[in-house]
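Dear colleague,

Please find the structure below, together with its sequence. A short account of the findings follows it.

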Amino acid sequence: MRWNCMFLNKLEFNRGNCSNEAAYPFDLPVIQTLEPMYFHTPITIFVGENGSGKSTLLQGMAAEADLPNIGRTDWGLDPFLKSSIQLSSLLKLTWKVKTKKGFFLRAEDFIGFTIRLKQMKEEAQNELSRIEHEYRDRSSYAKSLAALPHNRTLHELKQRYEDGLEFRSHGESFLDFFEANIKPNGLYMLDEPETPLSPMRQLAFMSMIIDSINNGSQYIIITHSPLLMALPHSTIYSFNDHHISQIQYDEIEHVNLMRQFLDAPERFLKHL
């Protein structure tokens, strides 16, 4: 099947422009052996062990794509993303059409994002209190004009997140965030989005993704979840053995290990 919703078509590494291949993150085996990667389906899944370079590569791709970073700070202010920004300068992304919709999210940063929203709300409320005091002898028009951007911020936060994501459980707020922010025709790069979600909520999240690709969106997802790995219309890239290769769902080590464990957990537990 050919998909008309594709935005990102190809990833390449400009190895010849790398001045220090011995420095992190350029010394990672998957970066040193990185060949052109193609995106022909609306969902691409990255699988592999921790430390294999999945997150570093995805972060570099997101930085090069200039996707908004859903975290406590923006790209240039997050010290943990510094190496990914360095990598991004040597990544070449080929687009069918470049979309301005979408975002990059690391599940581990989501709590930071909820704190960021809370701070935005408090800052807007504090500004309104200041304006109320400083403009008490001025016209209502001047006061309303000064208050306009802060009232708009509070209105938009209320429209998207009601009273605030911090008042919900981690999993509930995570799904609420996606429901409010996934838009048609967007590009979404997600790093382990299953982290706060129970298996049942992972299925609900998968339903959101399927609806989203039917509305023209594209996803690149890192996951350790056999559930998310089974998303339809996916291309799966394995990051094992120091290189990247395309594999099928039934070839994924995580999937086979989980099947074996569920079939006979006592066989594994007796060796622990």
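Which residues form a nonpolar patch on the surface? In this predicted model, the patch consists of Tyr141, Leu145 and Leu148, and together these residues have about 340 Å² of accessible area. Leu145 is placed in helix H5, which covers residues 140-161.

As for the chain in general, ten helices and ten strands are present. The chain has 272 residues, and 46% of them count as buried. Its accessible surface comes to about 14,800 Å², with 50% belonging to carbon and sulfur atoms. Of the contacts between residues at least 6 apart in sequence, 74% join residues at least 24 apart.

Helix H2, made up of residues 54-64, is mostly covered, as nine of its eleven residues are buried. Among them are Lys54, Leu57, Leu58 and Met61. After H2 comes Asp66, which has a positive phi, near 60°.

Glu194 is buried but has no salt bridge. The nearest side chain of opposite charge is that of Lys54, at 9.1 Å, whereas a salt bridge requires the charged atoms to be within 4 Å. Apart from neighbours within four places in sequence, the residues in contact with Glu194 are Gln202, Ile222, Thr223, His224, Ser225 and Leu228.

Yours sincerely,
A colleague

How values were computed: Residues numbered from 1 in each chain as written. Predicted model: local features only at pLDDT ≥ 70, side-chain atom pairs only at ≥ 80, totals over all residues. Heavy atoms only, no water. Buried < 20%, exposed > 50% of the residue type's maximum accessible area, 1.4 Å probe, protein only. Helix = DSSP H or I, 4+ residues; strand = E, 2+ residues; numbered from the N terminus. Lys, Arg positive; Asp, Glu negative; His and termini not counted. Contact = heavy atoms within 4.5 Å. Patch = residues over 30% accessible without salt bridge, like charges linked within 9 Å, V, L, I, M, F, W, Y side chains within 5 Å. Areas by Shrake-Rupley, 256 points an atom, 1.4 Å probe, with all protein chains shown as cover.
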